[in-house]
Amino acid sequence: MLKIKKFPNTFTILFFLIAMFAMLTYMLPAGKYIREMNPQLGREVPVPGSYHVIDSSPQGLFDTLMAPISGFYDPVSGVIGAIDVSLFVLMVGGFLGIVTKTGAIDTGIARIMVLLKGREIYMIPILMVLFALGGTSYGMAEESLAFYGLLIPIFMTARFDPLVAVSVIFIGTGIGTLGSTINPFGTVIASNAASVDFISGIELRFVILAVALFVGCAYVMHYARKVQRDPNASLIAHLRKDHEAHFLAGKPTGDNLAPLTLAQKGVLVLFILTFAIMIYGVSVQGWWMAEMATLFIFMGILCGLVGRLKEDELINSFVAGAADLIGVALIVGVARGIVVVMEAGNITDTILSYAETLVAGKSSILFINTVYWIEMLLSFIVPSTSGLAVMSMPILAPLSDFANTGRDLVVTAFMSGIGTVLFITPTYGVLMGGLAIAKIPYITWLKFIGPLVAFFVVLNGIVLSIGATL
């Protein structure tokens, strides 16, 4: 029996997917929906039943090779792709490099572990609830990348592994997306596109959020306790030395803990304030990547000055910190190259048309579960809540009228569908970026998250079926 000795690198997986979808542009017919302006959304949306075949535009070798570059920005139109997210990641890396250079984080982490000695496990549910609140309220996703560099050393010092830290952040925010209640980038846009009030159906989404969060916390805590008792029980035990060298090298412990200086205390205050300002800016002021990147540049410089770094130390630590995350920044753009190939080959609407055919004429329970699985498939291809909402809701929501199903339930199926797949899809830059920061192989993540995702699928199916009968 053939055994895979080594799972492919993240970049290898993404390049393979780009090539695969490029080949599909030769196999699938090209097509388009007629689009009309939706004044509520302020953008064009597809008209149900208007799909028509157009001249094919298969993506050749050069187009396929250029897709990763086009993932950052369209070289023809200049439209921004993932370049803003990649720059944000680099600025976060520079910020963390400066703060780390002051020694404030290292000493602060050691002191936290002294205070939480014997009770470290309770960090997991507290932080997962906070991240889930960010996900369900304002769609926290890309900005969560800023927390990995902070929390991984903290959890490792508590005798957990980097997988626990990634789980707390990513599963927390992911469950928030899974049970999105008032997420403006997902639930609100999808509801508007479906012509329903976004408050409609919120009760079922609360049920999904609460049950998924309870089970998710229990799942991560169970794994964390095993690792804390026996480090060899870790799924990434073979990488322990590399992780310790990368995340914990030279960090003080409780046995040789130096006191926090006044300057370091000031840096920690600024550090916490930075994240508080970021969350406020995104949720209240409508900030996005450019504003957040600017915040991290400014606060990084301020932390360096308060931490009494010399000019060369400040600049060199910023550059070194950004360099540590260059791989993550590249992954984010390359992952978007898959969407670039599909859109340039005009097969995105073709796949959506197949979905429209699948749901037509189904009973209410069968209809809503079919919509859920269709949204899961589509979200693998378009891992953007707002993008997929605008693309699929105008097509699938009107079909619910013929299945005696509320359009609000279609919105819930949409959010739970994309929320399920974002836990595992390699086309999602936030997932692949987080794993790259934590130096965790993608196949290891799949082994860990698989049982939990299976539970989410069952949970969503039950909740949606009950909703279809009410």
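Guide: Welcome! This model is predicted, so local features need pLDDT of at least 70, side-chain atom pairs count only at pLDDT 80 or more, and totals for chains, interfaces and linings use all residues. Residues are numbered from 1 along each chain as its sequence is written, and side-chain values use heavy atoms, with hydrogens and water left out.

Visitor: Why is Lys439 called partly exposed?

Guide: Buried means under 20% relative accessible area, exposed means over 50%, and partly exposed is in between (1.4 Å probe, protein chains only). Lys439 has 41%, so it is called partly exposed. Lys439 sits in the loop between helix H19 (429-438) and helix H20 (442-469), where helices are DSSP runs of H or I with at least four residues, numbered from the N terminus. Lys439 also has a positive phi of about 60°, although it is not a glycine.

Visitor: How do you know that the span of helix H14 agrees with its number of residues?

Guide: The expected span is 1.5 Å times one less than the number of residues. For the 19 residues of H14 (residues 326-344) that gives 27 Å, and the end C-alpha atoms are 27 Å apart, so the two agree. Among the buried residues of H14 are Val328, Ile331 and Met342. Just after H14, Asn346 takes a positive phi of about 55°.

Visitor: What makes the chain agree with a compact globule?

Guide: The radius of gyration is taken over C-alpha atoms, and the globule rule is 2.2 Å times the number of residues to the power 0.38. For 470 residues the rule gives a value near 23 Å, and the chain has 23 Å, so it agrees. Buried residues make up 56% of the chain.

How values were computed:
Helices (H or I, at least four residues) and strands (E, at least two) are DSSP runs, numbered from the N terminus.
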